[in-house]
Amino acid sequence: MSSHSARDVKRRRNSAVRALAESSGRRRKIPEDRLGTPIAAATTRHNVTFINTCFSQHGITPARRNTPFRQVPSKRKIPPNTPLLEENSGPEKISSFLRKQWTLYSVTPLYKFSYAKFKDYSKLLSAYITAEKQTGLAVEVGMDLNIKVTFSSLSGLKGNEHDQRAVFIQITSRSAFAAPNSEEKVLWTGCLCCTFGDMEILSCLLKDFTCLPLFLVNGGETLTAMVGTWFQKTFDCCFSRLVISARDLTWMAAMWTGCKLENHMAAIELLFSVPCSPCNLDISYAIHPEDARALWESIHKSQDEVTEEEVNLFMNCLYSHFFRHFKIYLSATRLVKVSTAVASAHCDGKVKLLSEEYIISVLALLTELATNQIQY
Amino acid sequence: MEKQKLHRSSRRPAKPEQQPGYGQGVLSALHGHGKERGDITEKINIQKTHQDKCHSADDQAEVNEHELLEQGLQYFEKVEGHVQLKGNGTLLKHLNTVESVGTQKGLPPEGIDILLSCALSGKFVDTVNSRLLKCLIPSSVVSEDAVVKAVSWFCVDQCTASTQVLFVRWLITMFDLVDHKEKLRALYGCFFCSLQDERLCPYICHLLYLLTKKENVKPFRVRKLLDLQIRVGMQPHLQGLLSLYKVYCPELVSLTLPTRVKTFFKNSESLWKAEIMAVRRRNFGSPSVGLQMGFGIKQLPSQSKKRKWNSHMNLPVSSSGLVSHEDVSSFHHLHQDEAFPVELLQTFTQLVQNIHRLQFPAQMGSVLKSPLLLHYINCIKDDSVFLRLNYWMAQVLHEECAWYTGNQHNETEVRTFLDTIANAQQFLQEGFSNCEEFLYKSIPHWNGCYRSQILQLLSWIPLTSFSEMEQLLYEPLGQIFFTSSLYFKCGVIESLKEMLQNWLSWHAFYAVQVNIQDSPMNNTLSGLVNTVCDLIHFVGRISTIALHITNSSLLLHFILDFYEIVCDMYVKYAMPLVVLPPSGVFYPALLSLESVNLNHLCYIMYRYRKNLVAAKENEWNKKCTMWLNINSQTIQEYNQYVLDMVGCLWTSQAFQKDRHPQGIFMDAEMLARTGVENYRNSFNIVRHPALMGHAILFLQQGFGEDKTVNLDLIKGKLWNWYVEYLYKKGMRGLKVFVESSISRISCSSQSHSNTAESCTSVAQK
């Protein structure tokens, strides 16, 4: 099934010109046959095929045809809480994800990305960054530089076996005068990942492409720009900031409220912004986590999925409670930020991961949002 | 004997030699001239053997000059040891000769050989050497051996540094005139060593830039250059050479160029430029075959640092920074030669010569702006190419151009970008699927911005099944159509016309080839026909309403343009479909105030007739296995239209019968109220509002201007003359219509009032 639908996607190129090439190719072939020249010579020379044998089909619907406006799904699955157990999942690296502010980007599939070439990538990227920093001076690739880039893979962030391993990139610097064994300073961290990626899209991808739609960044904007530019040039991909809509934030609020955590108890805080006031008025609405969970559990029914109605009901309950006390309709304001014990997310695409236990489910939701933003 | 040698070698350049690259045009011109010079020498020989013949003064002068030059060259070849300039009359005399010939006519290859070695051998003082080098203007080409010999002199350091610099500058200037470059390329290492010399370094860099091929780029050379860079700092000439190294071997060196670099190398050719031009003008008379001066100077795209990094509307063409090892090995296995970096692709000839070893750019989006690469992807089968382009374009369209996202955009940039896409689609003659999706998403929110661009993109939407088109395109487009200005309406109709034309051309190509039954998407021909039919009906609908809202002849003109494509679908594009214009289009056109539109309608009706007749014939002959979507109702409707047309234009029987439910029947009372006497038989090509002006002019020309015009005079013979007059006024459509649809019994002796003409309608089966 997978190969078939993949072909559908790639053959979407409808071409009259190709047809022309085809027909003229045939016409050209006939006299050559008569002269006894091998047909193969006429059709292919080296790698370049001049005569196109694949018909580009007309009016083909791709595996995923975008409706004019993609709708927010009416239900979402709750991903299994237990991460895929694999060797070298790098628990210390995963814990390094926690309590950091990550800026989110979505990335189109990477072309010719190879997990086997991390060493080359490290060398090239560090040389590139050095060359960018000292514009005009050439830098030898592979030289010992002050800036060090490490590429590594993290299988611990995979949701299922179809996902590609996450790619963890760290940029460290060594000051020229530091003691030889002194700790390197981490300047920038980034992670490309795909947790419970859209199966439909993954199965359609050609083998040269690697789908890692979510890019998390912690570090300076300049370095992000350099790494991003290098990725764009090297793997022909596109980055765009991932902003989270208020609608998605309500989903996060509901889903993360439902997560059971044993030791850590932090209040659930929702931040609303009132748009019309001259100076921006923010309303912070904090709820005791147990109260919120009790409310959610009274609403939520199924074990493995969350529906839109449930989310709406949950939020409406919170709104009406707030109205009872303060006479303010929160539904008329804009939800800007959600923070729970599991994670916190801001609408401008900044996220903090707080619980190691639920890291997979948070990343799964973010992967879905990133995937939806990419134009396939 | 020397003369003999000179003679022989001066003919040598007559051999055709192939030079790759941009110097070719120049070189071939030079070869032609070489031949000419050979002829001259031959002529001189003849003159020498037949001394008694008289010759012109010009020839004499040329012979003298030639002899002088030969003497000079002999002198320079034979001179030994250190020669002083002071008081040396012979040297001065020969030097002057060589200089004057060199700067005026150019020197032959062997002359350059002799003088070049002489100048670099250190026999003379610097002033002489520089004078010699400055006059070394080749009349045809520079032989490679001369250059190699000169380089060996150059390497043994006999001459001073300034002469060396001058020589390298000369070599850079004459690089394209050197006949072969293999041996010169073999000396790459020699030149590379000279980089250490501070004075030579800028020029050597330029020379190496011209010489470098991929195999010259080695890690040790990179390291040498980087060491040099550490010593001398950021120098444009080093940057130039290193940037070329980076193009060939990005895995060895990384370099970011500052934004303001415009040229890498100093101008080397300034010393010779004027003379070369003068020599060329003299020898060929046409300076238009200009030398490609300024080689090695590369215009860098100015990139503004302030742009955000992840906006990607303008991608520079650059080759991929990473070639994996397995790729390299398989590549070498297949091609034996190295890949050709896209940065170096400049001409179509290069594309054709290197097409088997061309690399795609690192970022596929950059092909949009390069017609050469568009040619290339057109003959590439690899799907990942289109997928990469697709991802990129979809993202850019969504992020940078879509108004529905509410993002802020730079208007001119978006405009240029959309234009680029439209041009690429035009070039490839196909639409990009992501572009189609972008339109579906954005047209419901369209406020008319980027009108011409969007309308152009619209015309490349591929055929899809109607249910989708109806919801995604027709509905939103219809809404914006009705509420917008006249010009916008015309634009939409024109764009839809082009869309139909693109679909039909697509179909015409594929109709023969695609076995429709085998298509996996179950795209039957009837489905195609239905989709085309739906588009035509959609245009018919909006046209009818638009003509109701504004009865504009401009709009009518665009609508008729659309129907000009529609009426010929069967004959021209093999589409088994004939769709007539709705009455809301037909009658306004028939009664239009413009003779242009009326003429257009006549032509369209004539083509409909041709198509219907052809379809009928095919049906009878059973030639056509295609399911024919032409039913008797269509033919009936056509006949009604034709009857009305003939009634209106010819038989003066308009408004009389109610042939069509939406036709132009009028009550007699109503017509009587117009005050026209004999209203029953007055409406024809004489009184038709679009043609009345012609009729009046016709009468005025016939009877003179002062006489009161009486339109009733036009009948009988005068009627025939009037019709001829109309034909001459450019009413070709009327002519073909009348000739095909009205059979006139006898053109000479019939009277108009008898209405002997009968309208031949298409037979109804």
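## A helix pair in chain B

The crossing of helix 5 and helix 6 of chain B is left-handed, a term used when the near helix is turned anticlockwise from the far one by less than a right angle. On the side of helix 5 of chain B, the contact (C-beta atoms, placed from the backbone, within 7 Å) is made by Leu115(B), Cys118(B) and Ala119(B), and on the side of helix 6 of chain B by Asn129(B), Leu132(B) and Leu133(B). Helix 5 (residues 109–120) and helix 6 (residues 126–134) of chain B pack with their axes 9 Å apart, at an angle of about 155 degrees, and they are therefore roughly antiparallel to each other, the word for angles over 145 degrees.

Residues are numbered from 1 along each chain as its sequence is written, and chains are lettered from A and ligands numbered from 1 in the order in which they are written.

Chain A averages a pLDDT (the predictor's confidence in each residue, from 0 to 100) of 77, and 75% of its residues score at least 70. Over residues 1–69 of chain A, however, pLDDT stays under 50. Where pLDDT is low, the predicted coordinates should not be read in detail.

## Strands in chain A

Strand 13 (residues 268–274) of chain A runs antiparallel to strand 14 (residues 281–287) of chain A, joined by 7 bridges, where strands (DSSP runs of E, at least two residues, numbered from the N terminus) pair if DSSP finds at least two bridges between them. Glu269(A) has Ala286(A) as its bridge partner in strand 14 of chain A.

Terms used
This is a predicted model: local features need pLDDT of at least 70, side-chain atom pairs count only at pLDDT 80 or more; totals for chains, interfaces and linings use all residues. Helices (H or I, at least four residues) and strands (E, at least two) are DSSP runs, numbered from the N terminus. Two residues are in contact if their C-beta atoms, placed from the backbone, lie within 7 Å. Axes are lines fitted to C-alpha atoms, for helices over the stretch in contact, and angles run from 0 to 180 degrees between N-to-C directions. Angles under 35 degrees count as roughly parallel, over 145 as roughly antiparallel, 65 to 115 as roughly perpendicular and the rest as oblique.
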